[in-house]
Amino acid sequence: MTSLNLTQDVADLTAELIDIMSVSGHEGPIADAVEASLRALGHLSVHREGDAIVARTDLGRAERVILAGHLDTVPLPTAPGSRGTVPSTWEKNDGDDSPQARTLYGRGATDMKGGVAVQLALAALLTEPTRDITYVFYDHEEVAADLSGLKRLVDRVPELLSGDFAILLEPTNGNVEGGCNGTIRFEVRASGKAAHSARAWMGENAIHKLGPVLVALAAHEPQTLTVDRLDYRESLNGVIVTGGSAGNVIPDRAVLEINYRFAPSRTPDDAEDYVRKVLGESLNGVEFVRTDAAPGARPGLDHPAAASFVEVVGTTPMPKFGWTDVARFSALGIPAVNFGPGDSLLAHSDNEHVSAQAIHDCLGALKAWLS
Ligand SMILES: [Zn+2]
């Protein structure tokens, strides 16, 4: 079984991880390598659950911190000449020969093998951390939520995920991104009566019944809510419209799908009440159905462990607007933030890359905080 060299330069370790291809559903080889490397360390208790691995120190420290990252990547780019692929490649920065002055290209360079490399380097480096550490590596993050390896760990071995504070090493450009917005979806279903469009008065137009709802959505000004000192900007949008059957038929059915991204101070039920209030009378004569919801996560930056971490990193925390796995920790009552190397805007892109410097900086901050 491949074992990784955890004590090499952390950027070179990132390259080694990229070169073990791990598109979602094919995480076996990288999980094997991670498991073998962690077991070889000796100071961690290691548990494997499918292609997810949990490794813990057990030093009886007053606080326990979770460092989590996913092992999978999105599929390789298909455009010819793309550099965000496997195997990885290096580019040297002009006129600087230091090992930090390099850029690493490859699938997962940003999302998120740099973060995973930092986790592994810390696991090897910190035999006596000041806080107990739980390292979590999981599969199936880039696909449907019900396949998530982190969800599986939460369902099957929640006791292994206990802790005071969690950091997901997703790319944030070295910023601390706290909490996340929740997401909820609704369908507005309108019914009418089909007729030939040449004799429209014989029918009842279902598409037209969506008009008032669309007007209300377009007129709505999204709010910004402050939660634990961070400003969460909300969005409320019609996202899909379906209806009608032919160019000469009055439609008897139309459906508008609505997505609302709501601040973590609201529950999904609060979010539904709010949308019903915004849409008000426009919902008369149509059906309004909630189809899906996931609560957000409060940033929890007032927790002492979180506060001391933010102080060491030294940047101003920012809110996360998209839904992320921090919400799974939040649901367990564990405050969680994202903090990792690389620009999240490059994630999944054809030329995904990360600077060696960014990976070193992330490792340096976490090492300073935990030792
Ligand atoms: Zn990711």
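Where does P87 lie, in terms of the strands around it? P87 is in the loop between β3 and β4 (89–92). Keep in mind as you read that this is a predicted model.

## Two cis peptide bonds

Another cis peptide bond joins D111 and M112, where omega is about -5°. This time the setting is a helix: M112 is found in α3. As background, most residues other than glycine have a negative phi, and most peptide bonds are trans.

## Two residues with positive phi

Now for the phi angles. N173 isn't a glycine, yet its phi is positive, near 60°. You'll find N173 in the loop between β7 (165–168) and β8 (177–178).

H348 is no glycine either, and has a positive phi of about 70°. H348 sits in the loop between β18 (336–338) and β19 (353–355).

## A buried strand, β6

Let's move on to strand β6, which spans residues 132–138. Here 7 of the 7 residues are buried, so β6 is largely enclosed by the rest of the structure. In a regular strand the side chains alternate between the two faces of the sheet. Both faces of β6 are covered: one side has D132, T134, V136 and Y138, the other has I133, Y135 and F137, and all of them are buried.

Which way do the partners of β6 run? Strand β2 (residues 52–56) is antiparallel to β6 and joined to it by 4 bridges, with A55 having Y135 as its bridge partner. Strand β3 (residues 64–70), on the other hand, runs parallel to β6, with 7 bridges between the two. Along that pairing, G69 stands opposite F137.

## An open sheet of four strands

Elsewhere there's an open sheet of 4 strands, in the order β13-β15-β9-β16 and with antiparallel pairing. β13 (235–243) and β16 (287–294) are at the edges with a single partner strand each, so one side of each has no neighbour in the sheet. On average, neighbouring strands are turned by 20° against each other, ignoring direction.

Take a look at the β13 end. There, β13 pairs with β15 (residues 253–262) in the antiparallel sense, over 8 bridges. One example is L236, whose bridge partner in β15 is Y260. Helix α5 (residues 211–219) packs on this sheet, touching β9 (182–191), β13 and β15, and the direction of α5 makes about 20° with that of β15. Helix α6 (residues 268–279) packs on the sheet as well, touching β9, β13, β15 and β16, and its direction makes about 145° with that of β16.

## Where α1 meets α3

What makes the contact between them? On the α1 side it's V10, L13, T14, L17 and I18. From α3 come A109, K113, G114, V116, A117, V118, L120 and A121. Sorted by class, the contact has 10 nonpolar, 2 polar and 1 charged residues.

Methods: Residues are numbered from 1 along each chain as its sequence is written. This is a predicted model: local features need pLDDT of at least 70, side-chain atom pairs count only at pLDDT 80 or more; totals for chains, interfaces and linings use all residues. Side-chain values use heavy atoms; hydrogens and water are left out. Two strands pair if DSSP finds at least two bridges between them. Axes are lines fitted to C-alpha atoms, for helices over the stretch in contact, and angles run from 0 to 180 degrees between N-to-C directions. Contact means heavy atoms within 4.5 Å. Ala, Val, Leu, Ile, Met, Phe, Trp, Tyr, Cys and Pro count as nonpolar, Asp, Glu, Lys and Arg as charged, and the others, Gly among them, as polar. Buried means under 20% relative accessible area, exposed over 50%, partly exposed in between (1.4 Å probe, protein chains only).
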